[in-house]
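User: Please show me how to read a structure like this one, feature by feature. I would like the general idea and then the case at hand.

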Amino acid sequence: REGVAHLSDGEPVAAIEDLEEARALYPTASIHFNLGLAYRAVGRLRAGIDAFERFLTAVGANGDEARAAEARRYLRTLRASLGEVRLDIVPRDAALSLDGEPVPRGTRELRLDPGEHQLQVEAPGHVSAGERFTVEAGRERLVQVVLASATHLGTVALDVPPDGAAVVVGFAGAAAYADVCEGESLSTSPASSSSAGAACEASV
């Protein structure tokens, strides 16, 4: 009841909290429907779609047809407002997470809420990378991430007088290597360093 009251008062965030607690205890069709309204109000389209789909499943073929028709109208609008994202990831078996949640391996297409999202890509033997991107309602976009190999390391001999001088390595190659050698402070004793197989610049 508190969730419905919050929804009526124009407080969808508070409504979601109360309705989710109620759904965990007793997931009725009306709770699903009201959650769909609340998630729609705060722009969480995928959560709203899930709630309205659960509502239609719960009421079945013998439920309130007027309310079911309303839910179907909301579903059409919400689905049309999602953005479509195609993923081009190298290596193809890399582990993905989106907004902190794991993505099933092999996923190459996503339908997402409009707004900013963060994709994290990891694979053994590669430098992990993140990609922040923006999704527009009803639009399609491509997100490409190519992981750099972390196994192609080389050794650079440094001749830096005087002994004990501080050496800072700056990066002059692809951005994917940034966390490998950019701004890395090196000791000059011994005067050598291993770094990624791309150009790095040293300054004293």
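Analyst: Let's start with one residue. Val127 is buried because its relative accessible area is 7%, where buried means under 20%, exposed over 50% and partly exposed in between, using a 1.4 Å probe and protein chains only. Val127 sits in the loop between E5 and E6. Its C-alpha lies 5.4 Å from that of Ala150, although 23 residues separate the two in sequence. A word on the source: this is a predicted model, in which local features need pLDDT of at least 70 and side-chain atom pairs count only at pLDDT 80 or more, while totals for chains, interfaces and linings use all residues. Residues are numbered from 1 along each chain as its sequence is written, and side-chain values use heavy atoms, with hydrogens and water left out.

User: How do E5 and E6 pair, parallel or antiparallel?

Analyst: The labels come from DSSP runs, numbered from the N terminus: helices (H or I) have at least four residues and strands (E) at least two. Two strands pair if DSSP finds at least two bridges between them. Here E5 and strand E6 (residues 129-135) are antiparallel, with 7 bridges. Gln120, for instance, faces Gly130 in E6. The two strands make a hairpin with 6 residues between them, and Gly125 in the turn has a positive phi of about 75 degrees.

User: What does the side chain of His117 make a polar contact with?

Analyst: Its partner is the side chain of Asp99, at 2.7 Å. A polar contact is a pair of N or O atoms within 3.5 Å; within protein, one must be able to donate a hydrogen and the other to accept it, and residues adjacent in sequence count only if both atoms are side-chain atoms. His117 belongs to strand E5 (residues 115-122) and is buried, with a relative accessible area of 6%. Apart from neighbours within four places in sequence, His117 is in contact with residues including Leu98, Leu112, Glu131 and Phe133, contact meaning heavy atoms within 4.5 Å. Asp99 lies in the loop between E2 and E3, where it counts as partly exposed at 40% relative accessibility. Asp99 also has a positive phi of about 55 degrees, although it is not a glycine.

User: How is the open sheet with 3 strands put together?

Analyst: Its order is E4-E1-E7, and the pairing is mixed. Strand E4 (109-112) and strand E7 (140-146) form the edges; each has a single partner strand, so one side of each is without a neighbour in the sheet. Strand E1 (residues 83-90) runs parallel to E7, joined by 7 bridges, and antiparallel to E4, joined by 4 bridges. Glu84 shows both sides: it is the bridge partner of Arg111 in E4 and stands opposite Glu140 in E7. E1 has a covered face made of Gly83, Val85, Leu87 and Ile89, and an uncovered one made of Glu84, Arg86, Asp88 and Val90. A cis peptide bond links Val90 to Pro91, with omega about 0 degrees.

User: Which residues of H5 are buried?

Analyst: An α-helix has 3.6 residues a turn, so residues three or four places apart point the same way. In H5, the buried ones are Ala68, Ala71, Tyr74, Leu75 and Leu78. They fall within an arc of 120 degrees down the axis of H5, so they line one face; the arc is that of the directions from the helix axis to the C-beta atoms. Helix H3 (29-42) and helix H4 (45-59) are among what covers them. Ala66, Arg76 and Ala80 are exposed on the face turned away. At the N-terminal end, Asp64 caps H5, with a side-chain oxygen 3.0 Å from the backbone nitrogen of Ala66.
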